[in-house]
There are 2 protein chains.
Amino acid sequence: MYVRILGTAAGGAFPQWNCVCRNCQSVRVGSFSGRPRSQLQVCVSSDRTSWFLLNASPDLRVQIESNSFLYPQTNNLGRHSPISGVILTSADVDQSLGLLLLRELQPLQIYCTAPIQRILREDNSMFAMLNRVSDQASWNEISADTKFELKSPTGETSGIKCLPVSVSDHYPAYVSAKRVTELSPKDAVIGLILEDGSGKRLGYFPAVGQVDAHLLSHFGDLDVLMFDGTFWSDDELIRLQGSGQTARQMGHLPISGKGGSLDLLSHLKRPRKMFVHINNTNPMLDESNEQYRQVYDAGWEIAEDGCQLEL
Amino acid sequence: MYVRILGTAAGGAFPQWNCVCRNCQSVRVGSFSGRPRSQLQVCVSSDRTSWFLLNASPDLRVQIESNSFLYPQTNNLGRHSPISGVILTSADVDQSLGLLLLRELQPLQIYCTAPIQRILREDNSMFAMLNRVSDQASWNEISADTKFELKSPTGETSGIKCLPVSVSDHYPAYVSAKRVTELSPKDAVIGLILEDGSGKRLGYFPAVGQVDAHLLSHFGDLDVLMFDGTFWSDDELIRLQGSGQTARQMGHLPISGKGGSLDLLSHLKRPRKMFVHINNTNPMLDESNEQYRQVYDAGWEIAEDGCQLEL
């Protein structure tokens with residue numbers, strides 16, 4: 001399985017347009033020990049011809065234009081894309097808005113849970129742009145713990161199988177309280193375990209509210225784990241802004257501290273462990289910081305835009 | 001009045017992710033006589049400190065990061081932006097999606113017609129992200145032929161006045177037929193006439209379905225006219241794709257031909273005339289083409305990303 005990481009930041013990217021935190025200020029003036037990052041976008045392929053996006057980032061247009069393997073191939077049909085489909089892990093704006101950048105009448109498989117489809121298609125009329133003509137988006141309902149196969153828009157198998165795993169009952173802030181009562185909690189946020197014919201497994205978990213024994217048992221069998229690297233500490237935003245929510249209240253396990261991801265997952269020996277979905281405020285982005293060192297010392301990597309893996 | 005053009009392309013930008021037209025193919029391989037373009041984004045200011053966006057493009061994040069005058073200023077509040085507000089001329093995805101890129105709890109004035117507000121806020125729950133806290137987006141209802149003043153989020157006057165002018169009854173394709181029957185046709189798409197204390201006038205008309213005597217009389221008084229440059233010819237997309245809608249059916253007056261914009265507007269002597277919102281398929285993008293020459297010979301310009309004006 002071929003894996004390309006096109007972006008690694010959380011919502012708003014790094015730097016973030018209206019943020020004056022130390023990280024954002026110094027990366028803008030060029031004094032930062034580290035790199036700017038676009039919003040999280042990963043894609044996978046079994047043949048490097050047909051690609052599947054894991055979520056759809058608001059930066060997707062620029063990410064496609066910066067990666068020539070995603071350019072359309074010359075043909076006589078007017079339109080083409082190596083992008084065969086998209087798997088959504090949540091209805092968060094920074095994970096799903098990019099679908100609207102794929103609206104130019106392209107056949108496309110979209111895989112998401114029933115509640116995510118309902119939020120996007122029933123509560124957000126703009127997504128009708130993906131179904132203006134018959135030969136455009138096909139929406140496929142998936143659910144936690146039920147493995148499915150990724151297929152091309154014409155129904156050919158890709159050789160990649162995907163197991164969704166429930167990781168949080170946290171629906172996005174824009175979903176009304178009334179709507180949330182109608183939606184199944186276990187389908188709010190999923191992680192993905194992707195496997196091709198070779199038996200190698202990629203775990204994609206950009207938002208994880210908590211880690212239980214079930215999830216841990218899955219993680220132990222992975223070859224690569226991409227895990228929620230949003231916040232370093234639980235009160236990161238509150239300390240910077242003077243108010244707001246904790247990381248856990250926002251559906252993100254913090255990296256540091258007792259019960260954080262370094263504490264809970266660093267013992268896993270098999271998977272290569274990478275943090276993705278990194279918020280602009282996270283001190284580990286600064287390579288001169290102690291937190292950056294701590295992550296690598298614990299056997300983790302901090303994913304970078306442009307990183308390529310082969311499993 | 002200070003005017004900055006951050007992007008000049010129509011929806012999908014140039015090149016467009018899944019398009020294999022001659023323009024898109026050759027710009028990707030570097031053999032094109034012309035420039036790539038991001039999606040249309042213009043902003044105006046009377047003091048170069050506080051800026052107002054004319055529409056909000058899906059490319060806005062990258063457009064802000066590429067233009068340091070839109071960077072936040074250092075302060076102790078955690079967040080800041082020189083962007084004071086946004087005026088929307090339609091609910092088209094390529095003109096309004098960028099609002100969702102301004103969702104990080106920033107005080108902001110948003111000006112749009114009642115139907116556009118209804119489409120965005122009632123029919124698209126994601127836009128609730130702009131009103132999560134009390135000190136965030138203020139929505140201001142505007143209507144055709146009623147002048148209003150642009151104000152900062154704290155209510156200070158900017159010195160810029162704006163007159164909306166109805167230009168088309170064409171609601172976006174994603175708005176259901178039932179919803180359209182509930183909405184006033186004259187508020188579907190507007191153009192803007194912006195004027196500061198000096199009496200100079202900028203006309204911003206990125207989508208114009210037809211030009212009547214009323215509109216022509218406004219145009220004659222302008223110093224700069226930015227006009228719908230989407231399609232060169234009425235059947236441009238149909239000829240490329242073998243099917244689809246004409247430019248006029250999509251709410252865009254074509255540039256060429258009898259009754260096109262070159263024919264109807266080139267006699268206007270006072271305004272500096274610029275085409276904006278240029279579709280990737282438009283042959284005038286290619287500077288070696290006869291159509292490029294025709295535009296300049298007729299006294300028009302083709303706006304480019306990064307262009308700066310002072311009125």
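**Interface and cavities of chains A and B**

The side chains of Glu65(B) and Arg28(A) form a salt bridge at 3.7 Å, N to O. A salt bridge here is a side-chain nitrogen of Lys or Arg within 4 Å of a carboxyl oxygen of Asp or Glu. Across the interface of chain A and chain B, 4 salt bridges are found. The model is predicted: local features need pLDDT of at least 70, side-chain atom pairs count only at pLDDT 80 or more, and totals for chains, interfaces and linings use all residues. Residues are numbered from 1 along each chain as its sequence is written, chains are lettered from A, and side-chain values use heavy atoms, with hydrogens and water left out.

In contact (heavy atoms within 4.5 Å) are 54 residues of chain A and 54 residues of chain B. The two chains bury about 4700 Å² between them, 58% of it on carbon and sulfur atoms. Buried area is the accessible area (1.4 Å probe) lost on putting two parts together, summed over both. Trp17(A), Arg61(A) and Met126(A) supply 19% of the area that chain A buries against chain B, more than any other three residues.

Volume is the space filled by probe spheres set on the points, which are joined across faces, edges and corners. The whole structure holds 7 cavities of 30 Å³ or more.

Conventions:
On a 1 Å grid over the protein atoms alone, a cavity is a set of points where a 1.4 Å probe fits but cannot get out, and a pocket is an open set with protein on both sides within 12 Å along at least five of seven lines; lining residues have an atom within 4 Å of a point.
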